[in-house]
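Have the sequence and the 3D view open as you read.

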Amino acid sequence: MMELFTNDNYKLLKLMYDNQTVVLNKKIVPLTQLEISSELGFSKMKTNAIFVELQKAGLITQETRGKYSLTDMSNEIIEGICKLDKKVKERKENV
């Protein structure tokens with residue numbers, strides 16, 4: 001159901017969120033832009049443009065070349081949407 005309301009920026013952010021790993025006590029996303037592009041079916045150019053947009057919005061930060069992390073705001077957004085999605089699914093089951 002939520003797929004109807006989420007855009008490509010959210011899809012990319014959610015994929016990053018789902019693939020975070022801890023390295024030296026810091027959560028990072030080990031996926032490359034090429035891997036993300038492939039997984040989402042986006043062109044590399046589109047993925048790069050979304051990365052730039054998410055960085056400008058303060059939703060992701062570049063840790064090292066090719067390695068990114070999500071900001072606290074990103075995590076809160078994703079977790080909020082996941083909670084909403086869970087409520088919608090529960091409501092559908094109870095109908």
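Ser37 sits in helix H2; helices here are DSSP runs of H or I with at least four residues, strands are runs of E with at least two, and both are numbered from the N terminus. Ser37 counts as buried, at 4% relative accessibility. For that scale, buried means under 20% relative accessible area, exposed means over 50%, and partly exposed is in between, using a 1.4 Å probe and protein chains only. If you skip residues up to four places away in sequence, Ser37 touches Phe42, Ser43, Lys44 and Thr47, where a contact means heavy atoms within 4.5 Å.

Before going on, note that this is a predicted model, in which local features need pLDDT of at least 70 and side-chain atom pairs count only at pLDDT 80 or more, while totals for chains, interfaces and linings use all residues. Residues are numbered from 1 along each chain as its sequence is written, and side-chain values use heavy atoms, with hydrogens and water left out.

Now take Thr47, which is in helix H3. Is Thr47 buried or exposed? Thr47 is buried, with a relative accessible area of 0%. Neighbours within four places in sequence aside, Thr47 is in contact with Leu12, Gln33, Ile36, Ser37 and Phe42.

## The overall layout

Stepping back, the protein has 4 helices and 4 strands. Read from the N terminus, the elements go α-β-β-α-α-β-β-α. Along the principal axes, the C-alpha atoms fill a box of roughly 50 × 30 × 20 Å.

Of the 95 residues in the protein, 31% are buried. Among contacts with a separation of 6 or more, 51% come from residues 24 or more positions apart.

## How H1 meets H2

Two packed helices are described by the angle between their axes and the distance between the axes. Here, helix H1 (residues 8-18) and helix H2 (residues 33-40) pack at about 115°, and their axes are 11 Å apart. The axes are lines fitted to C-alpha atoms, for helices over the stretch in contact, and the angles run from 0 to 180 degrees between N-to-C directions.

Which residues of H1 and H2 make the contact? From H1 they are Lys11, Leu12, Leu15 and Met16, and from H2 they are Ile36, Glu39 and Leu40. Sorted by class, that contact of H1 with H2 has 5 nonpolar, no polar and 2 charged residues. In this sorting, Ala, Val, Leu, Ile, Met, Phe, Trp, Tyr, Cys and Pro count as nonpolar, Asp, Glu, Lys and Arg as charged, and the others, Gly among them, as polar.

## The nonpolar core

A nonpolar core is a set of buried Ala, Val, Leu, Ile, Met, Phe, Trp, Tyr and Cys residues joined through side-chain atoms within 4.5 Å. The largest one has 16 residues, and Leu12, Leu13, Met16, Phe51, Leu54 and Ile60 touch the most other members. H1, H3 and E4 are the elements that give two or more residues to this core, and H1 gives the most, with 5 residues.

Leu54 is a handy place to look around. Leaving out neighbours within four places in sequence, Leu54 is in contact with Asn9, Leu12, Leu13, Leu59 and Ile60.

Val52 is partly exposed, with a relative accessible area of 35%. Val52 and Leu34 are 18 residues apart along the chain, and their C-alpha atoms are separated by 15 Å.

## Strands and turns

Strand E3 (residues 60-64) and strand E4 (residues 67-70) pair in the antiparallel sense over 4 bridges; strands count as paired if DSSP finds at least two bridges between them. Thr61 has Ser69 in E4 as its bridge partner. This hairpin of E3 and E4 has 2 residues between the strands, and Gly66 takes a positive phi near 80°.

Next, look at the loop between strand E1 (21-23) and strand E2 (26-28), where you will find Leu24. Leu24 is not a glycine, yet its phi is positive, near 50°. Leu24 is also exposed, with a relative accessible area of 81%. Asn25 is in the loop between E1 and E2 too, and has a positive phi of about 65° although it is not a glycine. At 80% relative accessibility, Asn25 counts as exposed.
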